[in-house]
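Please examine the sequence and the structure shown here. A briefing on selected features is then given, grouped by topic.

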Amino acid sequence: MNYRPLVILFAIALIARLLVFSFLISHFNVDPGLFWADSSQYTNLGKNLADNGVFSMSDHAPYTPDTLRTPLYPLVIAFFYTLFGNLWATSLFQAFLNSLVPVLVALLTLKIYPSKRVAFLAGLFIALEPHFIIYGLSLSTEGIFIFLFTLTMFLFAKYLHNPSYNLAALAALLTGMTALTRPVFLYFAVIALFFIGWGVWRESKKKAFVSGLLFLVVVGAFVLPWSYRNYTVSGAFSFSSIGWVNVYTRTAATIDAMVNKNDFWTSYLRFLGKLKDEGYITKLEEGELYDTKFNSLLKERSLEIIKAHPKEFVLLQLLSTQAILTQDNMLYFLTHTELVPVPVRPPIPLSLSITQKGPVRAIYDLVPYLKGSYVIALVTRPVWILFFFFALVGAWFLIKTRRGPERKIVLLLVAIICYFVVMTLPVASSIDARYRVGFESVYFIFVATGLVICLERLGLKRIITLFTLKSG
């Protein structure tokens, strides 16, 4: 691919992000304009690092050391906050950084499928995808994670095409940095280690072993110091304390809601209330559980509920999987920015209601809410279902037709998507489109491939040309 389509992708992505940034800042200022998801926690961490030199979410002394979050993104906030004295400079940096992602996506696509049109279309999807834009601008980990993740996948693709110790070390470096941004990426190192070895196994088993060892050493250089730091401040050797908090407050609480036929928040508050009554926490606030000392307790309580209700657990995993791949947050964006009124929602979401009442009754109970801005959620959801269909077609086509290094890259991308889906399942009822943003840059490679394949089979090649440029 020549430089022109890549420059066009970068320009489209940057203009789209700057327009959204300008709107959010002019209408809502930094807070709430750039505050989405966990932004308040990360900005507190960043400002405390800049002003007080401590990794803590506390608003005042004594600054309790935090073990929930990992340090790379707060360090980025602290750097720009120290340099410019504001938070929005970080978001502008993210706008530029994430405008490079469509370019990386196009180049990564060409590593597995020599179609310039598919490559351009995949990049265009990422350049304009609303969730990708908004969460990429937000003062939360997506701001740098999506770039680091995509660059990591690109380096792995280069390694699988042309294995070398330098590329293995660079891939490990990016893997460690990405895990320090979001701990969900940590266990990907196991999958990555397999592909590192597989890439050179036929050429030299010794080289495969050395490459794998090099990869582990470099990743360990990022992971172990932070885990040890958490041990020194909490007494537990852990990379992050978020895991079992999610399983207990999301998975276990949702199962309880399914069994007792109530809404999620009733079960959630009851779970916290039980811990409060037993003296483990002092308030009905999840934040008190963000300490590694609670890991063993939350693990025990969660597994007890899962073992008692295996059918509900399995059903919940299926519901959560479809939620990760098809959820749409446009209604949330529009209400958060006050562009549309907050709708009257059903007290129990449709997916949870289906488990309690069956599909017929659940859909019947939804009918009174099919009005006003709530209709947006019902219109946008089918779009993501269609994207999922194209992704399946694209993945199947590439697995079936690619050979050698190209097939290995395809399988790596399929593996990382499956990995993210599985690692997100504990969030259960709290799953929304934000959890898909982390892997969308590679997901849309399959979507674009599947879409182009389907249009070609239907004889609609002109539509492809319209959106992908003749020179692309």
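This is a predicted model: local features need pLDDT of at least 70, side-chain atom pairs count only at pLDDT 80 or more; totals for chains, interfaces and linings use all residues.

Residues are numbered from 1 along each chain as its sequence is written, and side-chain values use heavy atoms, with hydrogens and water left out.

**Helix 9 and its two partners**

- Helix 9 (residues 142–161) packs with helix 6 (residues 101–112) at an angle of about 25 degrees, and their axes are 10 Å apart. Helices are DSSP runs (H or I, at least four residues), numbered from the N terminus; axes are lines fitted to C-alpha atoms over the stretch in contact, and angles run from 0 to 180 degrees between N-to-C directions.
- Helix 6 and helix 9 are therefore roughly parallel to each other. Angles under 35 degrees count as roughly parallel, over 145 as roughly antiparallel, 65 to 115 as roughly perpendicular and the rest as oblique.
- The crossing of helix 6 and helix 9 is left-handed; this term applies if the near helix is turned anticlockwise from the far one by less than a right angle, and right-handed applies if clockwise.
- In this contact (heavy atoms within 4.5 Å), the residues of helix 6 include Val101, Leu104 and Lys111, and those of helix 9 include Ile146, Phe147 and His161.
- The residues of the contact of helix 6 with helix 9 comprise 11 nonpolar, 2 polar and 2 charged. Here Ala, Val, Leu, Ile, Met, Phe, Trp, Tyr, Cys and Pro count as nonpolar, Asp, Glu, Lys and Arg as charged, and the others, Gly among them, as polar.
- Helix 9 also packs with helix 10 (residues 165–181), at an angle of about 160 degrees and with axes 9 Å apart. Helix 9 and helix 10 are therefore roughly antiparallel to each other, and their crossing is left-handed.
- Among the residues that meet here are Phe145, Leu148 and Tyr159 in helix 9, and Leu167, Leu174 and Thr181 in helix 10. The residues of the contact of helix 9 with helix 10 divide into 14 nonpolar, 4 polar and 1 charged.

**Helix 18 and helix 19**

- The axes of helix 18 (residues 350–357) and helix 19 (residues 359–366) come within 7 Å and cross at roughly 135 degrees. The two helices are therefore oblique to each other, and the crossing of helix 18 and helix 19 is right-handed.
- Leu350, Ser353, Ile354 and Lys357 of helix 18 make the contact with helix 19, whose residues there include Pro359, Arg361 and Leu366.
- The residues of the contact of helix 18 with helix 19 are 6 nonpolar, 1 polar and 3 charged.

**Backbone features**

- Most residues other than glycine have a negative phi, and most peptide bonds are trans.
- A cis peptide bond, with omega of about 15 degrees, joins Asp31 and Pro32; Pro32 is found in helix 2 (residues 30–33).
- Ala61 and Pro62 are also joined by a cis peptide bond, with omega near 0 degrees. Pro62 lies in the loop between helix 3 (39–52) and helix 4 (72–84).
- Ala37 is not a glycine, yet has a positive phi of about 55 degrees; Ala37 is placed in the loop between helix 2 and helix 3.
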